[in-house]
Amino acid sequence: MTGHTDLAKRFGTPCYVYDLDRIAAARGDLFDALPEQVELFYAAKANPHPELLRELRSGRGRHCRAEISSTGELAAVLAAGYPGADILYTGPGKTDGELTEALAAGVRHFSVESLGDLRNIGAAATRLGVVARCLLRVNSAGASATSSIRMTGVPSQFGFDSETLPEVREQLFDVPGTEVVGAHFFPLSNAKDEASLIGEFRHTIGTAARVQAELGTRFRFVDIGGGFSVPYAVRGPRPVYRELRAALAEALDESFPGWRSGEVRIAVESGRYLVGDSGTLVVGVVNLKESRGRRFVILDGGINTFGGMSGLGRIMPVSVRLDEEGIPLAQIASLVGPLCTPGDVLGRDIELPALAPGDVVSIPNAGAYGPTASLLMFLGRPAPTEILVRGEELVSVSRIEHHRAYQLGEQL
Ligand SMILES: Cc1ncc(COP(=O)(O)O)c(C=O)c1O
């Protein structure tokens, strides 16, 4: 990892180094794991860096579409070359302003979380004289697999409870400005293994077919969600799914016979799998300290840089390893960041080599949910530098900067 250390010395820490070659490899492996008719939507929330978005869009016939959830992500994916037609807008709190902006930019596909959401989409579309094609997000009553992040089968702001859909059937198909064309599922993130992932997809495909029958309609677009996994801030390889392609084809043949000819579009979504192993976070050691028999290694980047959402329970608690080979582990200590909160912990009581101020620590598999899921604004520290490489070639170096734009009043 000399390359990362050299880059960190040149451009400063904390910094991320992302390798576009690894993103191309992940994209290739995921397309290989899917039947060729299945569309792949990149969840921009995992990492909306412009060059990453562009890399995922490239790839002759095997390029990603985009799943977005804000006007910031909309601007990012449009700038990276994703046309409105290849964008799916999701999220439980879509405002009239953002719906209008998305529709005006050519976005036509929306995941719908409730009747109210459907009506809001319809009102914005009617005003613009267009029709929004809506996928009913379904919160399925049962689920099959175990994962670290489950988003279905429980009371939730996401989606229609599957058991209540037949009751609202009439109202769903009668909203001006909308056409209900299908269903959207996102039951889990980060499935624990390929068997769980396949189990969940089978369950989802079966549920989609049942919902279609209950609603007495024919779906033209079914987004069966994701769950593709990758190690997060620990060493380890990205899984390659070898059984998935055949298992998906079999389940789809059974439930949606027209899928091979395109009568019904089938899509999956992935964030972390596509970008997770492309990124390494490099942080600098500022200080060492002992307190009541426990050791602390104090870094120049903590939850303002990485894993800030772990405190909210949304992302798994971060456990960090060093990835230099051959350096003996010499101590148990906590890796903590520079913020004035006891919550700024990247790893608690973990095995570490001997470290001194001025050393740098590399955290592997950190390409997903890095800056975008961190407390970038908290305490006004600069955002981490983001360095793009393609193999040995340096592509770009940049940093997010916040500034205040006054709508009223003057800057002193
Ligand atoms: C609707 C939706 N799609 C895609 C994703 C991406 O998940 P992952 O990064 O685990 O692939 C998420 C994550 O929360 C999501 O909510």
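## Ligand shell

In this predicted model, 15 residues surround the ligand, with Ala43, Phe186, Ser189, Gly271 and Arg272 the closest; a residue is near a molecule if its C-beta atom, placed from the backbone, lies within 6 Å of it. Two or more shell residues come from each of strand E10 (188-191), strand E12 (265-270) and helix H10 (272-275). Helices (H or I, at least four residues) and strands (E, at least two) are DSSP runs, numbered from the N terminus.

By type, the shell holds six nonpolar, six polar and three charged residues. Ala, Val, Leu, Ile, Met, Phe, Trp, Tyr, Cys and Pro count as nonpolar, Asp, Glu, Lys and Arg as charged, and the others, Gly among them, as polar.

## Domains and their contact

The domain assignment, automatic or from a database, gives domain 1 (20-275) and domain 2 (277-399). Their C-alpha centres lie 31 Å apart. The contact (C-beta atoms, placed from the backbone, within 7 Å) takes 23 residues from domain 1 and 25 residues from domain 2.

On the domain 1 side, helix H2 (20-32) and H10 each give two or more residues, and H2 has the largest share, five residues. This side divides into eleven nonpolar, five polar and seven charged residues.

## Numbering and confidence

Residues are numbered from 1 along each chain as its sequence is written. Local features need pLDDT of at least 70 and side-chain atom pairs count only at pLDDT 80 or more, while totals for chains, interfaces and linings use all residues.

Note on methods: Contact = placed C-beta atoms within 7 Å.
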